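Subject: Structure handover and notes

Hello,

Here is the structure I promised to pass on.

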Amino acid sequence: MTEQTKKPNRTEREAAWEILLDMDRNGRLSSQALEDGLRKIQFEEKGYRAFISRLVEGTTEYRLQLDAVLDRYARMPMKKQKPKVRCLLRMSVYQMLYMDSVPDRAIIHEAGQLMRSHHLEGLQGVVNGILRNVQRGKEDGTVEQIISSSPSIRYSTPEWLCRRLEEEYGAEQAKRILAASFTERPLTVRCNCRKQTPEELLRLLTEAGVKAKAGILSGSALQIEEVDFVRRLPGYRDGRFSVQDESSMCTVEALELSEGEKVLDVCSAPGGKACYAAELGAVVTARDLTEDKTDRIRENAERLELSMNIEVQDALELREEDREAYDVVIADVPCSGLGVMGRKNDIKYHVTPEGITDLAAQGQRILDMAEKYVRPGGKLLFSTCTILEEENGKAKERFLADHPGYIVKQEKQFLQGVDPCDGFYFCLMEKKR
């Protein structure tokens, strides 16, 4: 899309500004705010939606870096600026640094237009001056010096988290993990092999003009590029595929399920692993804490035309009649989500060391309860979408110390930037007879 494209009455920049303002004022995650904002806007042109999404997601992803740059040129730190000014400055500087197709002068002009349309003329001169100083700093190399001053600013990640990753993986590996968050990756989908083969699905998509290719880690995976609306892809509505990362697919495949095996997924929503297990022939019970969550599982299962038992159940409460009743129990426990920083671009700002410790303890309690449902000789699958040892390896060691009747059959830590997938951990354990 170019600057000359005919614009609707409400510009795409204003729409992005209001979504960012919603996040700033109400503490909402970008995925929620963006989904709601795009639904309200209903732009018909595909380019507008893509522009808004990139501007919101990019501004969010680079927020810490943008604030470091702006704090150099603004008299008042970003955290003390008025929300409207703060959000406008951030998204303007993001465009200046990362959207080369838009000239800086046009970005500064549009910022002024937005200020006037929202009756902020009194602050227009301040905003204009800051942006022009950033423009000069970009030209003379000062901005690049600011960005390069530390890994925290370079990768727009809290300093404590950068140190934590360096301690666990070393400086170079930590940089690869952080850099991967800013690398655009294709959407990965899982073929529903009860409806067609992956080759048939690939042919369906490519014949419809979709850029798709076979996955890397799983034979059931396809990678799709340049996706605007997943729901509009051919085959989605009639359940030919589901969105799922290959790391998660590999986790289910490690179970080597047989037709008719009884599987319980205790923290199932939105149901990706449970649905894959059902596609592989297992008899699946999927549970989660609330009706909202089980409704999401049910929606996916119905679209895929899969039969499974879906129940509201707290994973920390034992259902006594199901003790030792399952061949396989899946415990994908709550975690910090740091393995999917690239897909959930503001998760790194909400995580704290104390929160990680609390999540690890909660996951431990869920795992302790989940094992009670495993029959002797059955399997327990412990998994998370994080990359921190406290939530993964150390949690596994604590579990084995408390439950010596289990042995590890397979364990894997996927790392974004190292493996061709999201960061993910699983440990498959077997209960001794």
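The notes below go through helices, loops, chain contacts and rings in turn.

First, the ground rules. This is a predicted model, in which local features need pLDDT of at least 70 and side-chain atom pairs count only at pLDDT 80 or more, while totals for chains, interfaces and linings use all residues. Residues are numbered from 1 along each chain as its sequence is written, and side-chain values use heavy atoms, with hydrogens and water left out.

**Helix H1 and what follows**

Just after H1 comes Gly27, with a positive phi of about 65 degrees. Arg28 sits in the loop between H1 and helix H2 (30-41). Arg28 is partly exposed because its relative accessibility is 23%. Arg28 and Glu390 are 362 residues apart along the chain, and their C-alpha atoms are separated by 27 Å.

**Two helix pairs**

Two packed helices are described by the angle between their axes and the distance between the axes. Take helix H10 (residues 159-169) and helix H11 (residues 171-180). They pack at an angle of about 125 degrees, with axes 7 Å apart (axes are lines fitted to C-alpha atoms, for helices over the stretch in contact, and angles run from 0 to 180 degrees between N-to-C directions). That makes H10 oblique to H11 (under 35 degrees is roughly parallel, over 145 roughly antiparallel, 65 to 115 roughly perpendicular, and the rest oblique). H10 passes H11 in a right-handed crossing (left-handed if the near helix is turned anticlockwise from the far one by less than a right angle, right-handed if clockwise).

Now helix H13 (residues 246-253) and helix H14 (residues 272-279). Their axes come within 10 Å and cross at roughly 50 degrees. H13 and H14 are therefore oblique to each other. The crossing of H13 past H14 is right-handed.

How enclosed is H14 by the rest of the structure? Largely, because seven of its eight residues are buried. They are Lys273, Ala274, Cys275, Tyr276, Ala277, Ala278 and Glu279. Just after H14, Gly281 takes a positive phi of about 105 degrees.

**Backbone points in the loops**

Pro270 is in the loop between strand S5 (262-265) and H14. A cis peptide bond joins Ala269 to Pro270, with omega about 5 degrees.

His119 lies in the loop between helix H6 (104-117) and helix H7 (121-140). His119 is not a glycine, but its phi is positive, near 55 degrees. Ser156, in the loop between helix H9 (151-154) and H10, also has a positive phi without being a glycine, at about 45 degrees. Are these two residues buried or exposed? His119 is exposed, at 67% relative accessible area. Ser156 is buried, at 0%.

**A contact along the chain**

Ala180 belongs to helix H11. Ala180 is buried, at 14% relative accessibility. The C-alpha atoms of Ala180 and Gly417 are separated by 4.8 Å, although the residues are 237 apart along the chain.

**Rings**

There are eight aromatic pairs (rings of Phe, Tyr and Trp, the last by its six-membered ring, pair if their centres lie within 6.5 Å; planes under 30 degrees apart are stacked, over 60 edge-to-face, the rest tilted). One of them is Phe414 with Phe426, which is tilted, at 6.5 Å centre to centre and 35 degrees between the planes. Phe414 is in strand S10 (residues 406-414) and Phe426 in strand S11 (residues 424-431), twelve residues apart. Phe414 is buried, at 6%, and Phe426 is buried, at 2%. Ring pairs also link Tyr62, Tyr94, Tyr98 and Phe182 into a cluster.

Two arginines lie over ring faces (NZ of Lys or CZ of Arg within 6 Å of the ring centre and within 35 degrees of the ring normal). Arg63 is over Tyr349, 4.0 Å from the ring centre. Arg287 is over Tyr373, at 5.5 Å.

Best wishes

Conventions. Helix = DSSP H or I, 4+ residues; strand = E, 2+ residues; numbered from the N terminus. Buried < 20%, exposed > 50% of the residue type's maximum accessible area, 1.4 Å probe, protein only.
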